[in-house]
Amino acid sequence: MTRNKFSLFGIVYRSPIIYNLLTFLKKGPAHRKRFRIIRDYIDQGGSILDVCAGDGTMRRYLMENCKYLAVDASRGFIQALRKKGLDCFYADLHQGLPLAENSYDNVIMLISLYEFRDSSLNSLLDDCKRIAAKKVIILEEVLSGDTRYESLFARRVRKYLCATEYQVTSRLFTFEEFKECLKSHGFEIIRWENPYAVGIYKKV
Ligand SMILES: C[S@@+](CC[C@H](N)C(=O)[O-])C[C@H]1O[C@@H](n2cnc3c(N)ncnc32)[C@H](O)[C@@H]1O
């Protein structure tokens with residue numbers, strides 16, 4: 001399928017305006033809730049690496065003088081991050097996270113782990129754990145008991161709208177699947193506030 005400027009194909013990660021508008025339409029007044037939830041667990045005095053950072057909205061929820069670095073594979077988001085004056089770099093994380101060991105106190109990732117669940121999830125989590133000096137915090141949107149399965153139609157629509165050269169089609173986790181997956185990587189689940197669950201890996 002080819003993409004042109006006016007096509008809806010892959011529109012979600014093309015520009016922050018479209019991404020934020022769609023998130024607002026989907027979540028309404030709760031569209032920023034995830035940033036407030038994860039903020040409770042971040043050591044704000046330390047350095048923060050935001051993995052799959054999108055347009056870096058998370059930065060607004062952190063202390064002004066903290067060291068913040070964003071990584072993403074959307075050229076549109078990287079451009080927006082640079083315009084905001086935020087430190088960032090482009091990387092397709094299926095190819096690994098090219099940073100030195102223990103470089104950031106807090107490594108965080110919001111609503112993005114599912115994108116890797118059928119591909120490079122294990123190596124991505126290993127990379128995050130290697131780079132974190134103190135902890136890795138993962139917040140994910142999960143399906144609960146009553147919305148256990150995302151319909152095939154919803155999944156197809158999402159696949160069409162989110163298509164990119166780096167994205168691998170995937171499914172959202174159920175809460176149980178997320179818990180199992182993170183536990184097998186040494187994380188502890190510390191919060192579940194529908195539809196978000198948070199897991200933490202603490203470095204000893
Ligand atoms: C659902 S958005 C979440 C963005 C942001 N964390 C937030 O909460 O708004 C998923 C993000 O993952 C990024 N992403 C998906 N696959 C990626 C990959 N292979 N490498 C790097 N970033 C990727 C997308 O570009 C997008 O910014």
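Q: If a salt bridge is a side-chain nitrogen of Lys or Arg within 4 Å of a carboxyl oxygen of Asp or Glu, how many salt bridges does the count come to?

A: Side chains of opposite charge can pair when their charged atoms come close. By this rule the count comes to eleven salt bridges. The structure is a predicted model, in which local features need pLDDT of at least 70 and side-chain atom pairs count only at pLDDT 80 or more, while totals for chains, interfaces and linings use all residues. Residues are numbered from 1 along each chain as its sequence is written, and side-chain values use heavy atoms, with hydrogens and water left out.

Q: With which residue does D43 form a salt bridge, and which parts of the chain does the pair link?

A: The partner of D43 is K135, and their closest N and O atoms are 3.5 Å apart. This pair links distant parts of the chain, with D43 in the loop between α2 (33-39) and β1 (48-51) and K135 in strand β5, 92 residues apart. Such helices (H or I, at least four residues) and strands (E, at least two) are DSSP runs, numbered from the N terminus.

Q: Is K135 buried or exposed?

A: Relative accessible area decides this: buried means under 20%, exposed over 50%, and partly exposed in between, with a 1.4 Å probe and protein chains only. K135 counts as buried because its relative accessible area is 11%, whereas D43, at 27%, is partly exposed.

Q: Which residue forms a salt bridge with R117, and which with D127?

A: R117 pairs with E177, the closest N and O atoms being 3.3 Å apart. Since R117 lies in the loop between β4 (104-110) and α4 and E177 in helix α6, the pair ties together parts that are 60 residues apart in sequence. D127 pairs with R130, at 3.2 Å between the closest N and O atoms, and both of these residues lie in helix α4, three residues apart, or about one turn of the helix. There is also a network of salt bridges that links K33, D40, R191 and E193.

Q: Which residues of helix α6 are buried, and which are exposed?

A: An α-helix has 3.6 residues a turn, so residues three or four places apart point the same way. In α6 (residues 175-183) the buried residues are F175, F178, C181 and L182. They lie on the same side of α6 because they cover an arc of only 130° around the axis, the arc being that of the directions from the helix axis to the C-beta atoms. E180 and K183, on the other side of α6, are exposed. The buried residues of α6 pack against α4 (121-131), β5 (132-143), β6 (173-174), β7 (188-193) and β8 (196-202).

Q: Which residues of the largest nonpolar core touch the most other members?

A: A nonpolar core is a set of buried Ala, Val, Leu, Ile, Met, Phe, Trp, Tyr and Cys residues joined through side-chain atoms within 4.5 Å. The largest one here has 67 residues, of which L49, V51, M58, L93, V107, L113 and I138 touch the most other members. Strand β5 gives the largest share of this core, seven residues. For M58, leaving aside its neighbours within four places in sequence, the residues in contact (heavy atoms within 4.5 Å) are F35, I38, R39, I42, D50, Y68, I108 and L110.
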